[in-house]
Amino acid sequence: MNANEHEHRGTLTQEENTFDEPNRSEAQLRTFINSIPASAWCALPDGSLEFPNRQFHDYTGLSSEEVYGSGWEAAVHPDEIEPLREWWRALRQAGKSGEIEARLRRFDGEYRWFLIRVAPVLDEQSHVARWYGINTDIDDRKFAEENLRQDEQKFHTITDAISQYVVVLSPDGDVLYVNRVALELTGIEITDVSGKGAFATPFHPEDIDRVQAERSSAGLREEVPFELEVRVLLKGVDGQYRWYLMQYNPLKDDEGRTVRWYVTGTNIDSRKKAEERLHNENLALREEIDRASMFEEIVGSSKPLRQVLKQVEKVAPSDSTVLILGETGTGKELIARALHRRSSRSARAFIRVNCAAIPQSLIASELFGHEKGAFTGALQRRLGRFEAADGGTLFLDEIGDLPMETQIALLRVLQEREFERIGSHHPISVDVRLIAATNRDLSAAVAAGTFREDLFYRINVFPIELPPLRERAEDVPVLLEYFIGRYAKKAGKNIRHIGKHTLEQFKAYSWPGNIRELQNVVERALILSDTDTFFFDESWLKRQPTASSKLRGTLSALAEREIEMIEAALIECHGRISGPSGAAAKLGIPRQTLESKIKSLGINKHSLGGL
Ligand SMILES: Nc1ncnc2c1ncn2[C@@H]1O[C@H](COP(=O)(O)OP(=O)(O)OP(=O)(O)O)[C@@H](O)[C@H]1O
């Protein structure tokens, strides 16, 4: 095919047009055209009608003389004469085939719709030699189309009056119509959402894959009603998405084929938010139940404790980040809960994360959550503790144990108040008050390069230092009484007396495990006691004169601190050294190192393990 022929694709050359071969007579051609069961005609290169067939005459009722030249225009509906002339002129100029729809008057005066199709026949010089046309009656189709259009128009008028989000889809799910309410709510134009795949324009980017999968698998393919939940970006709510329930209903034709989908959207945002809140609160309640002991009061009236409580009262109602410092078992978590309870967030979740108890590789996902498939083993999307604490308080216990990369992520949340789930690029903003606690010396960790300085300054907004029990020995009797009361009740026993000597011993003891250690001693004593006088085995406090304690006078402050930390860890881990719940893991040092330190510092691990 040469270039010229390309240009005239859809036209016939004289060689191809068997009816124009020189050896065929004009009469034969006319006979043939007359036998075509449709209005057919032939026109000269200038467009003037040369020969209309019999059906043309029969339909229009016009004679040959009347239609020759441009006389045929008499059969054209007045509204279509101008567009038809224009189209015909353009076609002749271009020398190309074309088609147009127009109403033509029947012999009885009734107009019907026709599809007029024209093709030129070219001579050897590629000039138009003739135009051949055929007019096909499409009135029934046009009528059906018009009915449908009117029906749809009526439907649109009705749906526009409905104060609900309504969208009409094609059987494939392409948007055909969006009602006024939906357009106003989303602020989008119908042109933004019409066409393939554009249905998701106002949807939350995180929901699109799921919606697409639910629509095409279960939904549109099955051709039965279905519904899904999606977040929709609404105009005028400051870039916020709202949860909508989308209900899809198919409209079927007489043969049961789906011709349209009607989708209604209902705002379910408050229900979803309430569900989320409930979920958070459930989490918090579960934590509360797990740690029922946390409902107890803060016992003690020593000056150092009163000072702490004064600070709690001052800072609790503010949204400031609080850093609680203190040795293990001094009541840091108790104080964190007291801060939450006295804040305006008290009705919302208090979420605790023990950074030391979670394997380092999982801590980021625990805090920020992850998407399904974000890493091996991430079989489900999981919300992180930050999201769970939204509106409430997040308590990061043992913050000094946070790995470096999580420290960076945490710093970002504190600065920008947003984060991404692992495996997602979509930022999530949360409203969380942070309370952190540590028994480590964070400034030393900063100096040693294991804790970020910028994060330290971020969390050290309002530090509260809990004194160790040995510095508030005057609280020991009241704490002892308090724990005896509690555990006697639990053990079904009645303790009436505490010996003077017992009290003195308790007050003199250094309590490296602080209040937790005291609590454990009382619990153990109550289990064993069978009289109404509080009795305990003195060997339980024998740590005081152990080799480690004896050495204290001569050891440097650093070694003393080390001994305290190791002893406290051993008490907490019930004397266990290795394993995930052992003292080595708790201190974040290898087992062998801990073993050799215990030996070199002369710590008696056996006397510490029993509690
Ligand atoms: N002032 C107090 N009155 C009554 N009970 C207390 C007091 N302080 C601490 N406790 C109790 O002592 C135990 C240890 O307290 P908590 O867990 O708050 O200490 P912590 O400093 O957070 O310990 P760790 O550093 O090991 O996490 C808890 O059972 C707590 O209820």
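Predicted model: local features only at pLDDT ≥ 70, side-chain atom pairs only at ≥ 80, totals over all residues.
Q: What should I know about the numbering and the pLDDT cut-offs?
A: Residues count from 1 along each chain as its sequence is written. Local features need pLDDT of at least 70 and side-chain atom pairs 80 or more, while totals for chains, interfaces and linings use all residues.

Q: In what order do the five strands of the open sheet come?
A: Strands of a sheet pair through backbone hydrogen bonds, either parallel or antiparallel. Here the order is S13-S16-S19-S12-S20, with parallel pairing. Strands are DSSP runs of E, at least two residues, and helices are runs of H or I, at least four, numbered from the N terminus; two strands pair if DSSP finds at least two bridges between them. Strand S13 (350–354) and strand S20 (462–465) each have a single partner strand, so one side of each lacks a neighbour in the sheet.

Q: How many bridges join S16 to S19?
A: Four, between residues 393–397 and residues 433–438. Leu396 sits opposite Ala436 in S19.

Q: Which residues of helix H5 are buried?
A: An α-helix has 3.6 residues a turn, so residues three or four places apart point the same way. In H5, the buried ones are Glu80, Leu84, Trp88 and Leu91 (buried: 20 or more other C-beta atoms within 10 Å of a residue's own, with C-beta atoms placed from the backbone).

Note on methods
Buried ≥ 20, exposed ≤ 12 C-beta atoms within 10 Å, placed from the backbone.
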